[in-house]
Amino acid sequence: MDIQFFGATGQVTGLCYLVRVREHRILLECGLIQGRQEDEDRNREPFPFDASAIDAVVLSHAHIDHSGRLPLLMKQGFTGPIYTHQATRALCAIMLRDSGYLHAKDAEWTNRKRRRQGLPLLTPLYTLEDGEAVLGQFRGLAYGQRREILPDISIRLRNAGHILGAAIVELWLEEDGRVCKLVFSGDLGFVDAPVMPDPEVVDEADIVLLESTYGDRRHRGASRIGILGEEIRVNARIHTVGGLSAHADQPGLVAWYREFAGSPPVYLIHGEPEAQTALAEVIETETGRKPTIPSFGDRLDLRRLSG
């Protein structure tokens with residue numbers, strides 16, 4: 001019984017975490033890697049596990065950095081169900097089709113240049129049709145209902161207050177009579193948002209995965225941006241209006257974690273290194289629990305955390 005970190009370790013995109021319980025394999029998230037061209041090129045690499053051996057996926061919400069590699073997972077052999085909130089399924093019906101369309105257009109533009117240069121042509125990462133095909137594997141759930149998705153593996157979704165359908169995932173894993181409860185925060189929204197409800201409180205866990213992207217980040221100035229695969233020099237700076245972020249701020253993440261009885265072990269994922277380090281220091285100061293920031297491929301034995 002373990003979890004292995006295969007995405008969004010020291011970065012903010014490409015979320016993907018593999019959970020094993022005996023012969024069962026599930027993924028938490030399957031997100032697209034975004035950013036620099038060398039980062040996005042990694043989407044074309046095979047998954048670091050056998051996609052056909054995955055029994056199920058649990059998806060917290062529809063944003064492409066969480067859901068965008070699901071068509072690739074299907075193309076590499078995954079045939080199981082994808083469990084998520086029913087509103088997330090509805091959003092993915094739009095977003096995964098749109099993502100496939102954009103990948104096809106990107107390949108078309110890139111291949112115009114490659115033809116002129118006499119280079120081999122690229123195939124799209126995936127197409128609109130691939131994005132549509134994977135929707136048949138989605139299984140929509142409601143908030144608050146515990147459901148067994150595989151023998152000895154149960155989940156319950158709680159409202160994360162981030163976007164429509166966003167969920168905190170409670171995951172119960174049982175092996176040889178021992179149960180480990182893992183809570184995956186997903187992206188948490190902020191308190192007193194004008195439209196979304198406050199993130200729900202979860203007060204019990206053996207281990208917490210806390211996504212550490214938070215809403216008060218500021219972007220540095222940029223002198224180059226990517227347009228249609230080319231770097232274009234610009235005379236501009238990029239700014240963020242922090243009040244429009246759908247993410248909880250740093251105090252909000254800390255306050256959410258403080259609700260857990262006994263300050264369970266917490267692993268910080270899905271965040272920029274500077275933000276993760278700062279958040280870790282605050283959590284340790286306020287709770288006495290020193291968070292762990294995992295690296296790509298790290299594996300955590302959950303048996304030693306089970307009750």
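Visitor: What makes Glu132 and Arg97 a salt bridge?

Guide: In this predicted model, the closest N and O atoms of Glu132 and Arg97 are 3.0 Å apart. The cut-off is a side-chain nitrogen of Lys or Arg within 4 Å of a carboxyl oxygen of Asp or Glu, so the pair counts as a salt bridge. Glu132 lies in helix H5 (residues 128–133) and Arg97 in helix H4 (residues 86–116), so the bridge ties together parts 35 residues apart in sequence.

Visitor: Why is Asp39 called buried?

Guide: Asp39 has a relative accessibility of 13%. Buried means under 20%, so Asp39 counts as buried.

Visitor: What is the partner of Asp39 in a salt bridge, and why is that partner, Arg36, called exposed?

Guide: The side chains of Asp39 and Arg36 meet at 3.0 Å, N to O. Arg36 has 53% relative accessibility, and exposed means over 50%, so the label holds.

Visitor: Why is Glu45 called partly exposed?

Guide: The relative accessible area of Glu45 is 47%. Buried is under 20% and exposed is over 50%, so a value in between is partly exposed.

Visitor: How do you know that the radius of gyration agrees with a compact globule?

Guide: With 307 residues, a compact globule would have a radius of gyration near 19 Å; the protein has 20 Å, which agrees. Buried residues make up 50% of the 307 residues.

Conventions: Residues are numbered from 1 along each chain as its sequence is written. This is a predicted model: local features need pLDDT of at least 70, side-chain atom pairs count only at pLDDT 80 or more; totals for chains, interfaces and linings use all residues. Side-chain values use heavy atoms; hydrogens and water are left out. Buried means under 20% relative accessible area, exposed over 50%, partly exposed in between (1.4 Å probe, protein chains only). The radius of gyration is taken over C-alpha atoms; the globule rule is 2.2 Å times the number of residues to the power 0.38. Helices (H or I, at least four residues) and strands (E, at least two) are DSSP runs, numbered from the N terminus.
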